[in-house]
Amino acid sequence: MSRVSVPCHLKSTVALQVGDVRTSQGRPGVLVIDVTFPSLAPFELQEITFKNYYTAFLSIRVRQHTSTHSPAKWVTCLRDYCLMPDPHSEEGAQEYISLFKHQMLCDMTRVLELRLILRQPSPLWLSFTVEELQIYQQGPKSPSMTFPKWLSHPVPCEQPIPLPEGLPDPSRVSSEVQQMWALTEMIRASHTSTRIGRFDVDGCYDLNLLSYT
């Protein structure tokens, strides 16, 4: 399936202080990154890719267009997605991540804005974020090729172009091949039985000749 990159604008990161997540150094445990799409909105989000940088958990909220008479609403489509299995080790700390729309908790159509909520509860890492963020929407579908169900019975819109004189008619090829196959099988069966009969008859003559001698 094809995909098309969507131009986006990342707003300044906002640091949140949440309860005991705040450390003695005053480091925030939660970061919020808002993403807008000034040149294309609303659209159907297909995929999100980025490189993680020491973010342990990721939540995603989208602002969706509902109708012309009601305001757009924020919906949580991904909640605490684990990027680091163990926040106290570096496993998964700098890996490339791809998230697809079928992994989301809500419909990803009519997206106006995107909000990434990054969380790192471990005090071991002084900074965390996501890098190289890319947003994709579904690209144009490739034209599907249609073939006749049977070459001998094409529908009217799929009738072949008339062929030059001397070439076989496609509408009769299949039936003629079947007839040839059936005839070949009949000849083969007839030839086998003829040979068997001849051998049996020859054998009888040989026995008769032996009896006379």
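## A buried aspartate

The side chain of Asp-34 makes a polar contact with the side chain of Arg-115 at 2.6 Å; such a contact is a pair of N or O atoms within 3.5 Å, and within protein one must be able to donate a hydrogen and the other to accept it, while residues adjacent in sequence count only if both atoms are side-chain atoms. This is a predicted model, in which local features need pLDDT of at least 70 and side-chain atom pairs count only at pLDDT 80 or more, whereas totals for chains, interfaces and linings use all residues. Residues are numbered from 1 along each chain as its sequence is written, and side-chain values use heavy atoms, with hydrogens and water left out.

Asp-34 lies in strand S4 (strands are DSSP runs of E, at least two residues, numbered from the N terminus). Asp-34 counts as buried because its relative accessibility is 15% (buried means under 20% relative accessible area, with a 1.4 Å probe and protein chains only). Beyond four places in sequence, Asp-34 touches His-9, Leu-10, Lys-11, Leu-114 and Arg-115, contact meaning heavy atoms within 4.5 Å.

## Nonpolar core

The largest nonpolar core has 33 residues, and those touching the most other members are Ile-48, Phe-50, Ile-60, Leu-99, Leu-114, Leu-116 and Ile-135. A core of this kind joins buried Ala, Val, Leu, Ile, Met, Phe, Trp, Tyr and Cys residues through side-chain atoms within 4.5 Å. Strands that each supply at least two residues include S4 (30-36), S5 (45-53) and S9 (111-119); S9 gives the most, with four residues.

## Cysteines

The structure holds zero disulfides, defined as pairs of cysteine sulfur atoms within 2.5 Å. For Cys-106, the nearest cysteine sulfur is that of Cys-77, 4.4 Å away.

Note on methods. Buried < 20%, exposed > 50% of the residue type's maximum accessible area, 1.4 Å probe, protein only.
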